[in-house]
Amino acid sequence: MVIDAAQLTTPTGWALRAVVSAHMVAIVGQPVFAGVYLTGDYDSLLWHAIGADVVTSVGYLQVIAAIMVWVRLRRAWPFLVTMAVVAAETVQYFAGLDGALWLHIPLGVMTVAALVVQFIAVWRQPLLRREARDARAR
């Protein structure tokens, strides 16, 4: 009998999945707004700035969700990955405000890629307590 990841994931795991998904949707818009700006629509820079605020805020919510996963499910990797992504986003945010595009653009690409990998990871496997996962493996 095959049980899929959705049936085994706890409510805390679902909360993390929801926040990571929202984070993913928000961050994917950022290169779009930047691209529209670079084509000459200078008003879209405002949308890029608003998007940066949204992405950063959702990232900080993701830190809280990842802490809950660590505490309740005893899974540290979501917190560690989230902190790396949020740290990169924070540096990128301030690089963008400062106009340091030499840092802002490549760090943005890496941040989007890292969040895509995290999105896949939290949806690919069930998020359950370590003991339950170990017992299931036997």
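In the predicted model, the backbone oxygen of threonine 9 lies 3.5 Å from a polar atom of the side chain of tryptophan 14, a polar contact being a pair of N or O atoms within 3.5 Å, where, within protein, one must be able to donate a hydrogen and the other to accept it, and residues adjacent in sequence count only if both atoms are side-chain atoms. Residues are numbered from 1 along each chain as its sequence is written, and side-chain values use heavy atoms, with hydrogens and water left out. Because the model is predicted, local features need pLDDT of at least 70 and side-chain atom pairs count only at pLDDT 80 or more, whereas totals for chains, interfaces and linings use all residues.

Tryptophan 14 is placed in helix H2, helices (H or I, at least four residues) being DSSP runs numbered from the N terminus. The C-alpha atom of tryptophan 14 is separated by 9.8 Å from that of valine 69, which is 55 residues away along the chain.

Rings of Phe, Tyr and Trp (its six-membered ring) are taken to pair if their centres lie within 6.5 Å, with planes under 30 degrees apart counted as stacked, over 60 as edge-to-face and the rest as tilted. By this rule, the count comes to 6 aromatic pairs. One of them joins tryptophan 14 and tryptophan 123 edge-to-face, at 5.4 Å centre to centre and with 75 degrees between the planes. Since tryptophan 14 lies in H2 (residues 11-38) and tryptophan 123 in helix H5 (residues 101-124), the pair ties together parts that are 109 residues apart in sequence. Tryptophan 14 is partly exposed, with a relative accessible area of 34%, and tryptophan 123 is also partly exposed, at 36%; buried here means under 20% relative accessible area, exposed over 50%, and partly exposed in between (1.4 Å probe, protein chains only).

Trp14, Phe119 and Trp123 form one aromatic cluster. Arginine 17 lies over the face of tryptophan 14, at 4.8 Å from the ring centre, and its charged end sits over the ring of tryptophan 123, 4.8 Å from the centre of that ring; the criterion is that NZ of Lys or CZ of Arg is within 6 Å of the ring centre and within 35 degrees of the ring normal.

In H5, the buried residues include His104, Leu107, Thr111 and Leu115. The cover over the buried residues of H5 includes H2, helix H3 (44-73) and helix H4 (77-98), contact meaning heavy atoms within 4.5 Å.

Terms used. Helix = DSSP H or I, 4+ residues; strand = E, 2+ residues; numbered from the N terminus.
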